[in-house]
Amino acid sequence: MRDKGEFLFTSESVSEGHPDKVADRISDTVLDAYLAADPYARVACETLVTTNRVVLAGETRGPDTVTPELLVHLTRMAIHDIGYDQEGFSWKNADVAVHLHAQSSDIAQGVDASGNKDEGAGDQGIMFGYACTETPSLMPAPLYYSHLLLRRISELRRNQDVMVQGLLPDAKSQVTLRYVDGKPVAATSVVISTQHVEGMNQSSIKAKLMPLIESTLPKGWMPRDNEIYINPTGNFVIGGPDGDCGLTGRKIIVDTYGGAAPHGGGAFSGKDPTKVDRSAAYACRYLAKNVVAAGLADKCTLQISYAIGVSHPLSVYVELHGNPYDVDEARLEMTLRELMDLRPRGIREHLHLNRPIYGVTSAYGHFGREPDAEKGTFTWEKTDLVGQLKSAFGR
């Protein structure tokens, strides 16, 4: 994203009822079941959802107490929590097939610690983290408001608020913001498409959602009325997995930074923390957020790379986007490696990732969320390195 001039930038979000997010939720539910039974279980679970059918596939290594019958039950409970009890997709009678098998021994020997060998990365790859000062959560503003719109609709729906009466779980949003010299100053368009019961018309849905949009965006940011698009196709009754097949890992830009920062390509949901696609991406966000929170940059992008079976990262790269505070980026890279052990074992221990904390990450973004000390969720959103970073750079 440019730092100078005037431009428009857009990000989208999808609700927990979007078919791809239903798949992500089920994959993370499987992961949580295994980690609850054994903190060191190995899971790589992919989920497919379509009309009244759910298919679980992938590799696991964990206790026999996590049975196919338990996973079928937990899958149904996840669908129930999302809110699906429709003719084409219901928690009660959807066919759930479990095709999980043992983790490959070839992968296991690269990941497992043995003798003098430390725990290795579960795969090769590059992971990115990003933070900026555009919002209180240090997230890009277009994605922040796209998520916030859908989260508010979901909360109202779950509370059976009359404001959203008749709206169903599947929904998408899109927010376009106008930037001037790198700072967002107004919204130029908002799109919301939401599933609804038969008989609701486009104008009645827009009337319900207009006050919510206005109260969600900052004061003075509302676009012109003709640039607010509510259910632009006119009808959205058939939705969720009945309307479109869903797969784990197809919303990686929604899950991260809305396109405002690079993405390494790896999905998160259904993967245990030995998979650096997930854990190292969390570490990258954690470090980038602490750099910005410490006042060392207004924007920070961080990249880490790994090789399968190798414990130490192959590279650590930091970009401070113009470096307005004249921070030595090479020194910052070394300092971050000193403040956090970036081996897979170090990441999961530092961020306490070997716990059943992942179901809540599956919708509305893995980043920019509030850490919950009691539940142990979103530990990578803490800013507990700020003091050490300020001290290291004399701030």
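These questions and answers cover salt bridges in a predicted model.

Modeller: Local features need pLDDT of at least 70, side-chain atom pairs count only at pLDDT 80 or more, and totals for chains, interfaces and linings use all residues. Residues are numbered from 1 along each chain as its sequence is written, and side-chain values use heavy atoms, with hydrogens and water left out.

Biologist: How many salt bridges does the structure hold?
Modeller: A salt bridge here is a side-chain nitrogen of Lys or Arg within 4 Å of a carboxyl oxygen of Asp or Glu. By that criterion, the number of salt bridges is 20.

Biologist: Which residue forms a salt bridge with D3?
Modeller: The closest N and O atoms of the pair are 2.8 Å apart. D3 lies in the segment before strand 1, and its partner is in strand 12, 296 residues apart. Strands (E, at least two residues) and helices (H or I, at least four) are DSSP runs, numbered from the N terminus. The partner is K299.

Biologist: Is K299 buried or exposed?
Modeller: Buried means under 20% relative accessible area, exposed over 50%, partly exposed in between (1.4 Å probe, protein chains only). K299 has a relative accessible area of 8%, so K299 is buried.

Biologist: Where does R158, the salt-bridge partner of E16, lie?
Modeller: E16 sits in the loop between strand 1 and helix 1. The closest N and O atoms of E16 and R158 are 3.1 Å apart. The two residues are 142 residues apart, with R158 in helix 4.

Biologist: Which residues are linked with E16 and R158 in a network of salt bridges?
Modeller: E16 is buried at 7% relative accessible area, whereas R158 is partly exposed at 38%. Their network also links R25, D81 and R157.
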